[in-house]
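Subject: Structure for your files

Hello,

Here is the structure for you to look at. My notes follow below it.

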Amino acid sequence: MILYLNGIYVGLLILANIVAVKLFSIGNLAILPAAVVIFIFTYPIIDIIVEVYGKKEGQRTVKAGLITQVLAIIFIIITINLPAAPVFTEQASFEMILSGSFRVILASLVSYAISQTIVVYVFNHLKMRHGRKKLWLRNNVAVMVSQLADTTIFITIAFYGTMPLSVLGGLIVSQYAFKFIASICITPLVYLVVNFIRRQESVMAEQTQNAS
C-alpha cells in the first residue's frame with residue numbers, strides 16, 4: 001500500500017502545480033488558487049503514511065515529492081523551449097498554463113519543504129505520545145500547523161512587495177481558513193484509509209505466516 005500512497009501523493013503534487021494558475025472564488029469571501037483543492041488531500045496522505053508506516057517512511061515520501069517537483073519543473077522548462085511545430089498554434093497558451101514566475105516556483109518549493117517536514121514531525125511527536133489513540137487530534141493539529149506555515153511562507157515569498165500588506169494578510173487568512181475547515185471535514189477519510197490499510201497489512205501478514 002505504501003507504493004500506492006506514494007504514487008498518489010506525488011501525482012497530486014504535480015497536478016496541483018499545473019492547476020494552480022486557475023483562481024476560483026467562494027462568493028465574495030475569498031479568491032483561491034485551484035491547487036488548494038488538491039493540497040488538502042496531500043497532507044492527510046503524509047499523516048496516513050506516518051501513522052501506519054512510521055516517521056522515516058513519511059520523510060522518504062516528502063523527499064520523493066520534492067525531487068519529483070524539481071524534475072517536473074526542469075522538464076516543463078525544456079518542453080516549453082522546444083521549437084513549436086507549424087501546426088501547433090497554442091504555444092502561448094501552453095506557456096501561460098505551465099510556466100510560473102520564478103518567485104512562485106521558489107515559493108512553492110520552499111513552502112513545501114518546510115511545511116511537509118513540520119507535518120511529519122508534529123504528527124510523529126503526537127503519535128509517540130498517544131499511540132494509536134486520538135488519530136483525529138494528531139491529524140488535525142499536524143495539518144493545521146503545517147498548513148499555516150505553508151500558506152504564510154508561500155504567499156509571502158510569491159507576492160511580498162507586489163501588493164499592500166493588508167491584502168497579503170487577507171490572502172493568508174482566507175486560504176488558511178479554507179484549508180482549516182477542509183482538514184476537519186476530511187478527517188473521517190483518514191480514519192477510513194488507515195483502518196483499511198491496517199486490515200490489509202494484517203491479512204497479508206497472516207497469509208505469509210500460514211505459508212511459512
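Four salt bridges are counted in this predicted model, where a salt bridge is a side-chain nitrogen of Lys or Arg within 4 Å of a carboxyl oxygen of Asp or Glu. Since the model is predicted, local features need pLDDT of at least 70 and side-chain atom pairs count only at pLDDT 80 or more, while totals for chains, interfaces and linings use all residues. Residues are numbered from 1 along each chain as its sequence is written, and side-chain values use heavy atoms, with hydrogens and water left out.

Salt bridges around Glu 51

Arg 138 forms a salt bridge with Glu 51, at 2.8 Å from N to O. Arg 138 lies in helix H6 (residues 135-159) and Glu 51 in helix H2 (residues 35-53), so distant parts of the chain, 87 residues apart, are linked; helices are DSSP runs of H or I with at least four residues, numbered from the N terminus. A salt bridge also joins Arg 198 to Glu 51, at 2.6 Å from N to O. Here the partners are 147 residues apart, with Arg 198 in helix H8 (residues 187-211).

Asp 150 and Lys 179

The side chains of Asp 150 and Lys 179 make a salt bridge at 3.3 Å, N to O. Asp 150 is in helix H6 and Lys 179 in helix H7 (residues 165-185), so this pair ties together parts 29 residues apart in sequence. Both residues, Asp 150 and Lys 179, are buried.

A backbone point

Lys 134 is not a glycine, yet has a positive phi of about 60°. Lys 134 sits in the loop between helix H5 (102-130) and H6. With a relative accessible area of 43%, Lys 134 is partly exposed.

Surface patch

Ile 67, Val 70, Leu 71, Ile 74, Phe 75, Ile 78 and Leu 82 make up a nonpolar surface patch, together about 640 Å² of accessible area. Patch residues have over 30% relative accessible area and no salt bridge, and nonpolar side chains (Val, Leu, Ile, Met, Phe, Trp, Tyr) are joined within 5 Å, like charges within 9 Å. Accessible areas come from the Shrake-Rupley method with a 1.4 Å probe, and for residues only the protein chains shown count as cover. Ile 78 belongs to helix H3 (residues 55-81) and is partly exposed, at 43% relative accessibility.

Regards

Notes: Helices (H or I, at least four residues) and strands (E, at least two) are DSSP runs, numbered from the N terminus. Buried means under 20% relative accessible area, exposed over 50%, partly exposed in between (1.4 Å probe, protein chains only).
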